[in-house]
Amino acid sequence: MKKLLFTFCIAFLGLTINTNAQNAEPTEAVDPNGPVISFDTTVVDFGTIDQGSDPFRVLMFTNTGKKPLHITTCKGSCGCTVPQCPTTAIMPGEQGELKVRYDTKRVGRISKTVTVKSDANNGTITLRVVGTINATKAPEAFPAVNSGPSAE
């Protein structure tokens with residue numbers, strides 16, 4: 001009985017804390033004149049490609065805010081997905097590009113993410129990396145050798 005009562009109390013406390021957290025006001029005010037990062041698309045689509053194909057795709061984005069945009073980090077969800085973000089500020093109205101490299105030696109469906117953190121009002125953006133890589137026939141390591149009697 002004590003265990004049941006204890007479990008009920010913990011569950012109630014958890015719900016109360018979660019409700020208060022959802023109703024809390026943000027601690028940092030958003031600057032209405034700050035930078036805003038706007039991607040043309042949030043999906044990096046490799047489509048259906050062959051193994052060993054071009055491993056790079058480029059996404060364009062624009063700073064639609066009123067102050068310079070600084071990207072602080074770009075990180076792939078695994079070692080096979082490597083993003084390259086600009087290191088210089090993107091001025092208001094200017095475009096920038098984010099290059100994403102995927103290890104196309106891997107075969108099968110692609111379903112990864114790239115997280116882009118910046119000082120933009122819309123903060124952290126998560127991009128999806130999708131596609132399919134078809135296996136290509138690997139060259140034979142040792143060509144067949146005729147070991148039968150010689151016809152000389």
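The structure holds 2 disulfides, a disulfide being a pair of cysteine sulfur atoms within 2.5 Å. This is a predicted model, in which local features need pLDDT of at least 70 and side-chain atom pairs count only at pLDDT 80 or more, while totals for chains, interfaces and linings use all residues. Residues are numbered from 1 along each chain as its sequence is written, and side-chain values use heavy atoms, with hydrogens and water left out.

Strands here are DSSP runs (E, at least two residues), numbered from the N terminus.

Cysteine 78 and cysteine 80 form a disulfide with their sulfur atoms 2.5 Å apart. Its S-S torsion is about -55°, so this disulfide is left-handed. Cysteine 78 counts as partly exposed because its relative accessibility is 25%, whereas cysteine 80 is buried at 4%. Buried means under 20% relative accessible area, exposed over 50%, and partly exposed in between (1.4 Å probe, protein chains only). With bonded cysteines counted along the chain, the disulfides follow the pattern 1-4, 2-3.

Next comes the sheet. An open sheet of 4 strands has the order β1-β3-β6-β5, with antiparallel pairing; two strands pair if DSSP finds at least two bridges between them. β1 and β5 (81–84) are the edge strands, each pairing on one side only. Between β1 and β3 there are 3 bridges, and isoleucine 37 has asparagine 63 in β3 as its bridge partner. β3 and β6 are joined by 7 bridges, and β5 and β6 by 4.

In a regular strand the side chains alternate between the two faces of the sheet. β6 has a covered face of Gly96, Leu98, Val100 and Tyr102, and an uncovered face of Gln95, Glu97, Lys99 and Arg101.

The largest nonpolar core has 23 residues, and Ile37, Phe39, Phe61, Val116 and Leu127 have the most contacts inside it. Such a core is a set of buried Ala, Val, Leu, Ile, Met, Phe, Trp, Tyr and Cys residues joined through side-chain atoms within 4.5 Å. Its largest share, 4 residues, comes from β8. Leaving aside neighbours within four places in sequence, valine 116 is in contact (heavy atoms within 4.5 Å) with residues including Ile37, Phe39, Cys74, Leu98 and Leu127.
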